[in-house]
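Reader: I'd like to learn to read a model like this feature by feature. Could you walk me through one?

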Amino acid sequence: MNTRRNFIKKATIVSAGISVLPNLTYGFSTNKDKLKVALIGVGLRGTNHLTNLLQREDVIITAICDVDPARIKIAEEHIKKHKNPKVKIFGKDDYDYKNLLELKEIDAVIIATPWLWHTRMAVDSMKAGKYTGLEVSAANTLEECWDLVNVHEETGSHLMILENVNYRRDVLAVLNMVKQNVFGEMIHFRCGYQHDLRFVMLNDGKSAYGKGVEFGDKGISEAAWRTQHSVLRNADVYPTHGVGPIAVMCDVNRGNRMVSLTSHATKSRGMHNYIVENGGENHPNAKVNFKMGDVITSTIETANGETIIVTHDVHLPRPYSLGFRVQGTKGLWEKDGDRIYIEGQSKKPHVWDDSKEWLEKYDHPLWKKYGEHALGAGHGGMDFFVINAFVESAKENIPPPMDAYDAAAWSAITPLSERSIENNGEPQDFPDFTRGNWIKNKPYNWMKGTF
Ligand SMILES: NC(=O)c1ccc[n+]([C@@H]2O[C@H](COP(=O)([O-])OP(=O)(O)OC[C@H]3O[C@@H](n4cnc5c(N)ncnc54)[C@H](O)[C@@H]3O)[C@@H](O)[C@H]2O)c1
């Protein structure tokens with residue numbers, strides 16, 4: 001603890017007074033002062049985090065872990081291109097990550113593995129005293145949601161859910177408008193994950209995208225693990241890209257909370273049709289029954305009287321959209337159509353404005369400051385900001401913007417939607433993961449221009 005406090009104190013002193021891109025050039029003079037980060041899982045997503053971390057002068061990559069030697073090789077090649085000292089390698093079996101967690105020198109850990117590993121790895125990482133960053137979605141069951149909260153409370157170790165969409169430029173501009181009361185009192189939201197993933201969830205086992213109709217042992221990357229969830233679960237298994245930004249706009253866990261949900265699923269056709277069209281009707285996978293409905297719609301009620309409609313739609317042909325709608329007593333934003341209407345302020349009554357002017361006017365201070373740099377970081381820049389928030393929060397060992405309670409509440413949509421669908425849309429109550437503290441918790445300051 002003492003060492004940790006000294007580290008924080010020193011980091012704060014060294015960083016004071018530097019105004020240009022402080023997040024990248026903290027000017028730590030020795031490796032000893034840098035945040036030592038380890039990555040568990042360096043597949044496609046983990047490698048993206050790795051490349052963003054390697055650009056920072058305040059971070060040293062200390063260890064990496066992956067059970068796939070090919071991914072370790074790619075990660076090592078990236079690391080070699082930077083001044084980063086040699087890293088320790090783990091991954092001889094599925095549990096070698098526990099040996100990585102025993103390294104005392106590691107301050108922070110980023111977990112980007114398949115979903116079924118998320119909670120157990122995050123729990124072990126928090127127990128090892130590491131500042132933990134966890135990819136989305138955080139948990140698969142209500143028990144796992146509670147595990148994240150309980151272990152965070154028992155250990156005092158922080159957990160950040162790495163929800164990058166919360167940092168999307170339009171999302172942060174709209175959050176700015178929400179905070180400045182442009183939409184009036186918030187009433188209704190829509191969001192979701194609407195992304196044709198057939199070419200990701202099915203491949204030829206050699207390249208991650210676009211060819212073949214294999215999955216499981218014969219697939220690679222997400223086809224190796226994600227597709228099985230569509231076979232066995234009828235649930236919204238990926239709710240956080242949509243609900244994360246909305247939860248922040250309506251102060252979930254900080255003055256508000258998600259109280260209950262109802263979910264419905266359509267029939268399932270998309271994956272089967274794709275397999276038949278691309279692999280032929282005699283391909284063995286043409287016989288697989290996909291339990292997950294093609295479109296899953298959940299309606300959430302909040303304690304403050306808003307509703308949130310969340311959609312999961314990944315099996316059908318469609319252009320990508322998270323389908324945001326943010327609506328209050330004075331007006332609304334709709335992402336589909338890129339339009340905004342504010343009563344009394346829009347150019348004409350009952351006519352949409354193009355959202356461009358509004359979003360530029362309310363551009364978030366973070367994007368104004370670091371936008372140019374962020375754009376190179378992946379996913380239109382938001383990956384830079386989520387990693388920046390993780391590193392800066394870990395350096396100070398302070399609660400992150402999106403914490404264990406958020407990870408639990410947002411991820412709980414998966415098991416709750418599953419149970420509701422199973423029971424013909426029966427309402428399901430959200431556990432109060434904050435144990436009542438949502439009543440007094442203050443919102444995180446999302447409008448500050450640092451992280
Ligand atoms: N936030 C985003 O925009 C975003 C984008 C893509 C993926 N993701 C999330 O990131 C995570 C990883 O996705 P991905 O696309 O990189 O998948 P991936 O399959 O490409 O990578 C996962 C990696 O984990 C490794 N792994 C599996 N079990 C392991 C274990 N026991 N120990 C160590 N390594 C292990 C695999 O070998 C693989 O390299 C998922 O949770 C996914 O939902 C988030």
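Author: Let's begin with a term we'll need: a contact means heavy atoms within 4.5 Å. Keep in mind that this is a predicted model. Take Glu105: leaving aside residues up to four places away in sequence, Glu105 touches Lys36, Thr62 and Lys88.

Reader: Where is Glu105 found?

Author: Look in the loop between helix 4 (97-101) and strand 4. Buried means under 20% relative accessible area and exposed over 50%, with partly exposed in between. Glu105 has a relative accessible area of 32%, so it counts as partly exposed.

Reader: Let's zoom out. How does the radius of gyration of the chain stand against a compact globule?

Author: They agree, because a compact globule of 451 residues would have a radius of gyration near 22 Å, and the chain has 22 Å. The C-alpha trace spans about 60 × 55 × 40 Å along its principal axes. Inside that, you'll find 16 helices and 15 strands.

Reader: What share of the residues is buried?

Author: Buried residues make up 58% of the 451. The accessible surface comes to about 19,200 Å², and carbon and sulfur atoms own 52% of that. As for charge, there are 55 positive and 56 negative side chains, and the centres of the two sets lie 5 Å apart. Contacts are worth a look too: of those between residues at least 6 apart in sequence, 72% join residues at least 24 apart.

Reader: Now a helix. Is helix 2 mostly covered or uncovered?

Author: To read a helix, check its residues against the burial cut-off, one at a time. Helix 2 (residues 44-54) is mostly covered, with eight of its eleven residues buried. The buried ones are Arg45, Gly46, Thr47, His49, Leu50, Asn52, Leu53 and Leu54. Their cover includes strand 1 (35-40), strand 2 (59-65), helix 3 (69-80), strand 4 (108-111) and helix 14 (382-396).

Reader: On to sheets. What is the strand order in the open sheet of nine strands?

Author: Here's the general idea: strands of a sheet pair through backbone hydrogen bonds, either parallel or antiparallel. In this open sheet the order is 14-13-12-11-7-10-9-8-15, and the pairing is mixed. The edges are strand 14 (353-354) and strand 15 (428-429), each pairing on one side only.

Reader: Which strands pair with strand 9?

Author: Strand 8 (residues 258-265) pairs with strand 9 in the antiparallel sense over seven bridges. Strand 10 (residues 307-313) also pairs antiparallel with strand 9, again over seven bridges. Thr297 is a handy landmark in strand 9: it is the bridge partner of His264, and it stands opposite Thr311 in strand 10. Strand 8 is also joined to strand 15 by two antiparallel bridges, with Leu261 opposite Gln428.

Reader: Which residues of strand 9 are on the covered face?

Author: Ile296, Ser298, Ile300 and Thr302 are on the covered face, while Val295, Thr297, Thr299 and Glu301 make up the uncovered one. Follow strand 9 into its hairpin with strand 10 and you meet four residues between the strands, where Gly305 takes a positive phi near 85 degrees.

Reader: Which residues have a positive phi although they aren't glycine?

Author: Two to look at are Asp251, at about 60 degrees, and Asn397, at about 50 degrees. Asp251 sits in the loop between helix 10 (240-249) and strand 8, and at 23% relative accessibility Asp251 counts as partly exposed. Asn397 lies in the loop between helix 14 and helix 15; with a relative accessible area of 28%, Asn397 is partly exposed.

Reader: And Pro400, is it buried or exposed?

Author: Pro400 has a relative accessible area of 3%, so it is buried. Its place is in the loop between helix 14 and helix 15 (404-411). Not counting residues up to four places away in sequence, Pro400 touches Tyr131, His158, Leu159, Met160, Ser393 and Tyr444. Pro400 and Ile161 are 239 residues apart in sequence, yet their C-alpha atoms are 8.7 Å apart.

Key. Residues numbered from 1 in each chain as written. Predicted model: local features only at pLDDT ≥ 70, side-chain atom pairs only at ≥ 80, totals over all residues. Heavy atoms only, no water. Rg over C-alpha atoms; globule rule 2.2 N^0.38 Å. Buried < 20%, exposed > 50% of the residue type's maximum accessible area, 1.4 Å probe, protein only. Areas by Shrake-Rupley, 256 points an atom, 1.4 Å probe, with all protein chains shown as cover. Lys, Arg positive; Asp, Glu negative; His and termini not counted. Charge placed at Lys NZ, Arg CZ, Asp CG, Glu CD. Pairing = 2+ DSSP bridges.
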